[in-house]
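Welcome to this tour! Open your viewer, get ready to select residues by number, and follow along one stop at a time.

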Amino acid sequence: MLKRPTSKISAAAFPDHSTNLLLVKQSNLSLLFTLIQKYERISRAQLAEMTQLSPTTVSTLTDELLSKRLIRETGAGVSETRGRKPIMLEIRPDGGYVAAAEWMNDRFSLFLYDLQGNEVGGGESIIKDYTQIADLLSRRLDELVAEYGLSAAKLVGLCIGIPGLIDFEHQRVIQSTVLAIERDNNFYEQLQVRYGAMPIMLGNQSSFYAYAEQAYGAAKAYKDMIFIDSNVGIGAGFLLDGKIFTGSRGLGGEIGHMTIDRHGPRCKCGNRGCLELMAGLPAILNKLQFAILSGRATSLQPQLETNPIPAIRSAFEQGDLLVVEVLDEMARDLAFGITNVVHLINPEAVMIGGRITQLGDAFLRLLQDAVAEKLPHIPPDKLAVRYSELQEDAVTRGASRYLLDQIGSNLSVLHHVWSE
Ligand SMILES: [Zn+2]
């Protein structure tokens with residue numbers, strides 16, 4: 001649905017004689033494409049009003065986007081007067097496709113999305129050998145393209161969400177608590193060789209989760225947000241002013257290795273008392289297991305199951321003293337980490353995702369109380385602490401949305417698609 005803009009977005013300034021007119025045209029094409037993406041359905045007159053470009057220029061440029069089959073005309077829009085209803089423009093779903101992958105510990109998921117961001121199809125594959133990841137991904141991608149009868153040349157790019165630290169300078173995963181990956185991994189180069197000029201992007205999995213949460217989930221209203229992803233490790237994605245924050249070399253936002261107890265246990269990152277070691281799910285399971293073996297009374301079974309979270313949740317809701325004590329401590333430790341980050345960036349929301357959400361609303365309330373206790377100067381309505389609303393495909397949805405949003409800022413990435 002079209003939302004009225006609150007501010008005008010300026011078109012590229014008219015150049016002096018030495019400026020390349022082609023660049024101005026490219027910049028204005030990108031601007032129009034981005035606005036059509038943002039508003040989903042918009043008329044030429046609205047584009048002209050927003051950009052301050054002349055109606056003739058808008059018409060010429062949108063004709064070019066139409067001829068490149070990136071946008072299409074769609075029925076009449078909603079008329080604000082009784083006059084003729086304008087023809088609306090929208091992104092053409094089959095104008096191109098993006099592929100998005102999430103790399104997990106022993107498998108990856110790979111999905112194709114159309115230019116509007118709708119899922120075309122995909123699924124999960126098992127990884128038997130990490131060194132073969134580039135080969136596995138590209139083979140699966142080729143299969144998907146064939147399976148859905150698409151043209152490989154319409155593939156705009158590939159974006160991969162990874163649970164680990166990524167060095168953007170060298171496009172490498174440099175550390176991961178989840179993936180057993182060698183430091184000299186070169187899967188990115190292998191993919192580049194395979195796909196030539198097609199853009200391939202790597203990003204932290206939690207950042208893409210956060211991006212999806214803002215585009216499609218519970219965080220639409222928040223521009224500054226921390227997303228905390230607690231599964232095997234604790235990851236985080238920061239969105240500042242709606243943009244993914246990675247820091248200078250891509251290492252920002254790694255709150256799992258923030259020290260919250262300098263006398264705490266040694267972490268494999270080399271520090272002590274990291275948040276992940278104190279409040280991560282494996283740590284909680286260890287604590288419970290140790291207490292049970294030490295003879296503490298509890299309704300939990302002596303042997304915790306493969307997925308013990310439902311049993312822990314149920315014991316917690318029934319007031320099992322051991323479980324209440326352990327989860328209370330976990331909430332307080334997690335609140336420590338959250339509070340430190342809130343002090344740094346003052347977000348509007350802290351979204352919690354991952355398996356930790358299976359602990360249910362009673363645990364969320366415990367966490368909200370622990371955060372509120374540490375931040376008495378922030379009114380609860382100015383800092384939402386809530387669970388993610390998205391399902392398992394959040395990372396690939398976020399990665400695809402991120403890639404699609406990058407297209408607007410650089411339409412030249414579509415050159416190989418245009419020439420089709
Ligand atoms: Zn650590």
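Which residues does Val58 touch, not counting residues up to four places away in sequence? Select Val58 and show its surroundings: the residues it touches are Leu32, Arg44, Leu47, Ala48, Thr51 and Leu53. Keep in mind throughout that this is a predicted model.

**Stop 1: around Val58**

Val58 has its place in helix α3. Is Val58 buried or exposed? Its relative accessibility is 0%, so Val58 counts as buried.

**Stop 2: helix α2**

Next, select residues 44–51, which form helix α2. The buried residues here are Gln46, Leu47, Ala48, Met50 and Thr51. Which elements cover them? Colour α1, β1 (42–43), α3 (55–67) and β3 (87–91), which are among the elements covering the buried residues of α2. Then step on to Gln52, which follows α2 and has a positive phi, near 65 degrees.

**Stop 3**

Let's look at how side chains gather. In soluble globular proteins, nonpolar side chains tend to be buried together. In this model, the largest nonpolar core has 49 residues, and the members that touch the most others are Ile36, Leu47, Leu65, Met225 and Met351. Select residues 21–39 to see helix α1, which gives the most to this core, with seven residues. Apart from this core lies another one of 47 residues, including Ala236, Ala279, Leu288 and Met330.

Zoom in on Ile36. Leaving aside neighbours within four places in sequence, Ile36 is in contact with Ile42, Leu47, Leu65, Ile71, Leu89, Glu90 and Ile91.

**Stop 4: the three domains**

Zoom out and colour by domain. The domain assignment gives domain 1 (21–91), domain 2 (95–209 + 395–418) and domain 3 (221–389). How many Å separate the centres of domain 1 and domain 3? Taken over C-alpha atoms, the separation is 45 Å.

**Stop 5: the zinc ion**

Now select the zinc ion. Which atoms coordinate it? They are ND1 of His257 and the SG atoms of Cys267, Cys269 and Cys274, at 2.0 to 2.3 Å. Along the chain, these donors follow the spacing H-x9-C-x1-C-x4-C. Why is the arrangement tetrahedral? The four donor atoms subtend angles of 104 to 121 degrees around the zinc ion, which makes it tetrahedral. For reference, the ideal angle for four tetrahedral donors is 109.5 degrees.

Cys274 counts as buried because its relative accessibility is 0%, whereas Cys269 is partly exposed, with a relative accessible area of 26%.

**Stop 6: helix α8**

Select residues 281–293 to highlight helix α8, which has 13 residues. From its first C-alpha to its last, α8 reaches 18 Å, close to the 18 Å expected at 1.5 Å a residue. Show the side chains of Leu281, Ala283, Ile284, Leu288, Ala291 and Ile292, which are buried. The buried residues of α8 pack against β11 (225–230), α7 (275–279), α9 (309–317) and α10 (321–345). Just after α8 comes Gly295, with a positive phi of about 95 degrees.

**Last stop: Asp328**

Finish with Asp328, in helix α10. Asp328 is partly exposed, with a relative accessible area of 26%.

Notes: Residues are numbered from 1 along each chain as its sequence is written. This is a predicted model: local features need pLDDT of at least 70, side-chain atom pairs count only at pLDDT 80 or more; totals for chains, interfaces and linings use all residues. Side-chain values use heavy atoms; hydrogens and water are left out. A nonpolar core is a set of buried Ala, Val, Leu, Ile, Met, Phe, Trp, Tyr and Cys residues joined through side-chain atoms within 4.5 Å. Buried means under 20% relative accessible area, exposed over 50%, partly exposed in between (1.4 Å probe, protein chains only). Helices (H or I, at least four residues) and strands (E, at least two) are DSSP runs, numbered from the N terminus. Contact means heavy atoms within 4.5 Å. Donors are N, O and S atoms within 2.8 Å of the metal (3.2 Å for Na, K and Ca); water is not among the atoms, so sites may look incomplete. Four donors count as tetrahedral if all angles lie between 85 and 135 degrees; four count as square planar and six as octahedral if opposite donors are over 155 degrees apart and all others between 65 and 115; anything else is irregular. Domain bounds come from an automatic or database domain assignment. The expected span of a helix is 1.5 Å times one less than its number of residues.
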